[in-house]
Amino acid sequence: DFGRFSERLVRCSFSTPGDQRTLRSCGKVRIEQNLSGVLSVRFSLNAASGSSSGQQLVFAGLLSEGSEPMACRGDGRCQPRFPVQLSVNAIASGFQDRRGLAVALPQARIARGQCLIEAVRASCEATGRDGDHWRVEGFFLDTPAADARAQR
(Lines give C-alpha, C1' and ligand atoms only; values in the text may rest on other atoms or scores of the structure.)
Protein backbone atom coordinates (compact mmCIF):
# COMPACT_ATOMS: atom_id res chain seq x y z
CA ASP A 1 0.00 0.00 0.00
CA PHE A 2 1.37 3.35 -1.02
CA GLY A 3 -0.14 6.72 -1.76
CA ARG A 4 -1.20 9.87 0.04
CA PHE A 5 -3.90 11.54 2.09
CA SER A 6 -4.38 15.29 1.82
CA GLU A 7 -6.66 17.56 3.83
CA ARG A 8 -7.14 21.33 4.09
CA LEU A 9 -6.35 22.88 7.43
CA VAL A 10 -8.48 25.69 8.81
CA ARG A 11 -6.24 26.79 11.66
CA CYS A 12 -2.60 26.22 12.57
CA SER A 13 -0.12 27.08 15.22
CA PHE A 14 3.56 26.47 14.70
CA SER A 15 6.97 27.19 16.10
CA THR A 16 10.29 26.78 14.35
CA PRO A 17 13.84 27.67 15.36
CA GLY A 18 14.01 31.46 15.54
CA ASP A 19 10.21 31.93 15.50
CA GLN A 20 7.88 32.18 18.45
CA ARG A 21 4.75 30.07 18.46
CA THR A 22 2.47 31.74 15.95
CA LEU A 23 -1.09 31.35 14.77
CA ARG A 24 -1.06 31.32 11.03
CA SER A 25 -3.27 30.86 8.03
CA CYS A 26 -2.98 27.24 6.99
CA GLY A 27 -2.78 25.50 3.71
CA LYS A 28 -2.98 21.74 4.03
CA VAL A 29 -1.45 18.62 5.48
CA ARG A 30 -0.37 15.75 3.26
CA ILE A 31 0.53 12.34 4.60
CA GLU A 32 2.54 10.16 2.23
CA GLN A 33 3.08 6.43 2.58
CA ASN A 34 5.73 5.05 0.23
CA LEU A 35 6.24 1.84 2.22
CA SER A 36 3.89 0.26 4.70
CA GLY A 37 4.77 1.71 8.10
CA VAL A 38 6.93 4.57 6.76
CA LEU A 39 5.19 7.95 6.60
CA SER A 40 5.93 11.60 5.99
CA VAL A 41 3.64 14.36 7.23
CA ARG A 42 3.95 17.59 5.22
CA PHE A 43 2.44 20.84 6.51
CA SER A 44 2.10 23.56 3.87
CA LEU A 45 1.63 26.87 5.66
CA ASN A 46 0.33 29.84 3.69
CA ALA A 47 2.51 32.90 3.31
CA ALA A 48 2.37 35.30 6.23
CA SER A 49 0.81 38.65 5.41
CA GLY A 50 3.39 40.85 3.73
CA SER A 51 5.48 37.83 2.75
CA SER A 52 5.85 36.41 -0.72
CA SER A 53 6.64 32.85 0.40
CA GLY A 54 4.97 30.11 2.41
CA GLN A 55 6.69 27.50 4.49
CA GLN A 56 6.66 23.72 4.32
CA LEU A 57 7.62 21.46 7.21
CA VAL A 58 7.95 17.72 6.67
CA PHE A 59 8.18 15.24 9.54
CA ALA A 60 9.26 11.72 8.49
CA GLY A 61 9.47 8.47 10.39
CA LEU A 62 7.99 5.10 11.30
CA LEU A 63 4.56 4.21 12.60
CA SER A 64 4.54 3.72 16.35
CA GLU A 65 3.45 0.41 17.82
CA GLY A 66 -0.34 0.09 17.75
CA SER A 67 -0.79 2.36 14.71
CA GLU A 68 -1.80 0.87 11.39
CA PRO A 69 -0.62 1.82 7.89
CA MET A 70 -3.01 3.87 5.78
CA ALA A 71 -5.52 2.02 3.62
CA CYS A 72 -4.67 2.95 0.01
CA ARG A 73 -6.59 2.50 -3.22
CA GLY A 74 -5.20 1.76 -6.67
CA ASP A 75 -5.39 5.46 -7.63
CA GLY A 76 -2.92 6.46 -4.89
CA ARG A 77 -5.48 7.97 -2.51
CA CYS A 78 -5.24 6.74 1.07
CA GLN A 79 -7.28 7.00 4.24
CA PRO A 80 -5.56 7.05 7.64
CA ARG A 81 -6.77 4.65 10.31
CA PHE A 82 -7.09 7.14 13.17
CA PRO A 83 -5.37 7.72 15.45
CA VAL A 84 -2.01 7.52 13.70
CA GLN A 85 1.12 7.90 15.80
CA LEU A 86 4.46 8.42 14.11
CA SER A 87 7.93 8.24 15.62
CA VAL A 88 9.80 11.06 13.85
CA ASN A 89 13.39 10.43 12.66
CA ALA A 90 13.93 13.44 10.37
CA ILE A 91 12.52 16.85 9.53
CA ALA A 92 12.83 18.98 6.41
CA SER A 93 11.84 22.60 5.91
CA GLY A 94 11.60 24.81 2.90
CA PHE A 95 9.90 27.83 1.40
CA GLN A 96 7.73 28.19 -1.69
CA ASP A 97 6.38 31.16 -3.57
CA ARG A 98 2.69 31.92 -4.01
CA ARG A 99 2.63 29.62 -7.07
CA GLY A 100 3.98 26.69 -5.02
CA LEU A 101 7.48 26.75 -6.53
CA ALA A 102 10.50 26.27 -4.28
CA VAL A 103 12.45 29.47 -3.62
CA ALA A 104 15.44 27.65 -2.06
CA LEU A 105 16.66 24.10 -1.51
CA PRO A 106 14.94 22.40 1.43
CA GLN A 107 16.99 21.76 4.53
CA ALA A 108 16.76 18.31 6.11
CA ARG A 109 17.95 17.27 9.55
CA ILE A 110 18.01 14.23 11.77
CA ALA A 111 15.51 14.81 14.55
CA ARG A 112 13.57 12.92 17.19
CA GLY A 113 9.93 13.47 17.97
CA GLN A 114 6.40 12.35 17.29
CA CYS A 115 3.27 13.08 15.29
CA LEU A 116 -0.32 12.36 16.19
CA ILE A 117 -2.93 12.42 13.44
CA GLU A 118 -6.54 12.30 14.60
CA ALA A 119 -9.87 12.75 12.83
CA VAL A 120 -9.95 16.53 13.52
CA ARG A 121 -6.30 17.51 13.89
CA ALA A 122 -2.70 16.77 13.03
CA SER A 123 0.18 17.67 15.33
CA CYS A 124 3.90 17.02 15.09
CA GLU A 125 6.93 18.06 17.05
CA ALA A 126 10.60 17.20 16.86
CA THR A 127 13.95 18.27 18.26
CA GLY A 128 17.17 18.23 16.25
CA ARG A 129 20.59 17.10 17.46
CA ASP A 130 21.54 20.74 18.03
CA GLY A 131 18.49 21.37 20.22
CA ASP A 132 16.42 23.19 17.59
CA HIS A 133 12.71 22.48 18.05
CA TRP A 134 9.80 22.41 15.60
CA ARG A 135 6.11 22.11 16.43
CA VAL A 136 3.03 22.30 14.22
CA GLU A 137 -0.61 21.72 15.05
CA GLY A 138 -3.36 22.05 12.47
CA PHE A 139 -7.10 21.50 12.60
CA PHE A 140 -9.22 20.03 9.81
CA LEU A 141 -12.50 21.41 11.18
CA ASP A 142 -13.31 24.92 12.36
CA THR A 143 -14.76 24.28 15.82
CA PRO A 144 -14.73 26.19 19.13
CA ALA A 145 -12.53 23.45 20.62
CA ALA A 146 -10.03 23.92 17.76
CA ASP A 147 -10.02 27.68 18.38
CA ALA A 148 -9.27 27.20 22.09
CA ARG A 149 -6.51 24.63 21.47
CA ALA A 150 -4.81 26.69 18.76
CA GLN A 151 -4.61 29.73 21.04
CA ARG A 152 -2.81 27.79 23.80
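**Terms and their grounds**

Guide: Val-38 has its place in strand 5 (residues 38-45); strands (E, at least two residues) are DSSP runs, numbered from the N terminus. This is a predicted model, in which local features need pLDDT of at least 70 and side-chain atom pairs count only at pLDDT 80 or more. Residues are numbered from 1 along each chain as its sequence is written, and side-chain values use heavy atoms, without hydrogens and water.

Visitor: Why is Val-38 called partly exposed?

Guide: Buried means under 20% relative accessible area, exposed over 50%, and partly exposed in between (1.4 Å probe, protein chains only). Val-38 has 33% relative accessibility, and therefore counts as partly exposed.

Visitor: How do you know that a disulfide joins Cys-72 to Cys-78?

Guide: A disulfide is a pair of cysteine sulfur atoms within 2.5 Å. From S to S, Cys-72 and Cys-78 are 2.0 Å apart, and a disulfide joins them. By this rule the count comes to 2 disulfides.

Visitor: Which cysteine is joined to Cys-115?

Guide: Cys-115 is joined to Cys-124 by a disulfide, with an S to S distance of 2.0 Å.

Visitor: What makes the disulfide of Cys-115 and Cys-124 right-handed?

Guide: The torsion about its S-S bond is about 115°, so the disulfide of Cys-115 and Cys-124 is right-handed. For Cys-72 and Cys-78 the torsion is about 100°, so that disulfide is right-handed.

Visitor: Is Cys-124 buried or exposed?

Guide: Cys-124 has a relative accessible area of 2%, so Cys-124 is buried. Cys-115, at 3% relative accessibility, counts as buried.

Definitions and conventions:
Helix = DSSP H or I, 4+ residues; strand = E, 2+ residues; numbered from the N terminus.
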